[in-house]
Amino acid sequence: MSMANKVAIVAGGGRDIGRACALELASKGANVVITYHSSSETALSAVAEMEAMGVKALAMQADLTSQEGVDACIKTTLDTFGKIDVLVHVSGGLIERIKIADMSLEHWHKVMDLNITSLFLMSKACIPHMAAGSAIVTLASQAGRDGGGGGAAAYATSKGAVMTFTRGLAKELGPKIRVNGVC
């Protein structure tokens with residue numbers, strides 16, 4: 001499968017699963033923008049690896065839980081590449097295991113913002129720039145299906161929301177834009 005001349009944003013592409021997704025897209029010929037929160041060293045090394053494959057790549061630090069961070073990502077992508085063909089949304093995380101009885105509302109909102117609000121904001125910002133045949137891929141978690149382990153109820157709830165959002169977005173955008181989730 002060739003991704004030549006395609007432009008992909010990998011939200012949370014600075015490390016681990018996101019980094020692997022970015023490298024795979026680049027290996028197929030895609031130009032790639034990766035966002036990261038705090039993993040600049042691995043994000044920059046991913047850019048070097050992608051450029052060695054002969055594609056264009058860039059990494060940018062971004063807070064994707066804020067409209068300003070999302071807007072900066074989209075502006076940079078469009079200014080650099082002129083289009084968006086793929087959004088892979090990997091951004092997210094557990095943050096910390098806290099049981100509901102001990103959880104603050106602030107922690108609840110932080111987990112929801114990191115895992116689902118960032119997906120909403122990135123999807124909403126990318127969609128107007130995506131042509132027919134574009135794709136959105138979301139990453140959820142088995143925790144979204146089974147409730148996660150002790151102290152992970154907020155995380156599991158947010159990942160369940162990712163799965164439901166993905167299904168709803170697929171119904172809204174398909175068949176023009178494919179939307180799939182990986183759990």
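Please bear in mind that the model is a predicted one.

I begin with the helix pair. Helix 1 spans residues 16-27 and helix 2 spans residues 40-52; their axes come within 10 Å and cross at roughly 15 degrees. Helix 1 is therefore roughly parallel to helix 2, since angles under 35 degrees count as such. The crossing of these two helices is right-handed. On the side of helix 1, the contact is made by Arg 19, Ala 22, Leu 23 and Ala 26. Helix 2 contributes Thr 42, Ser 45, Ala 46, Glu 49 and Met 50.

Is Ser 39 buried or exposed? Its relative accessible area is 16%, so Ser 39 counts as buried, the limit being under 20%. If neighbours within four places in sequence are left aside, Ser 39 is in contact with Gly 14 and Arg 15.

Finally, the cysteines. How many disulfides does the structure hold? The number is zero. For Cys 21, the closest cysteine sulfur is that of Cys 183, and it is 14 Å away, too far for a bond; a disulfide requires the two sulfur atoms to be within 2.5 Å. As for accessibility, Cys 21 is partly exposed, with a relative accessible area of 24%. Cys 183 also counts as partly exposed, at 44% relative accessibility.

How values were computed:
Residues numbered from 1 in each chain as written. Predicted model: local features only at pLDDT ≥ 70, side-chain atom pairs only at ≥ 80, totals over all residues. Heavy atoms only, no water. Axes fitted to C-alpha atoms, helices over the stretch in contact; angles between N-to-C directions. Helix = DSSP H or I, 4+ residues; strand = E, 2+ residues; numbered from the N terminus. Parallel < 35°, antiparallel > 145°, perpendicular 65-115°, else oblique. Left-handed = near helix turned anticlockwise from the far one by under 90°. Contact = heavy atoms within 4.5 Å. Buried < 20%, exposed > 50% of the residue type's maximum accessible area, 1.4 Å probe, protein only.
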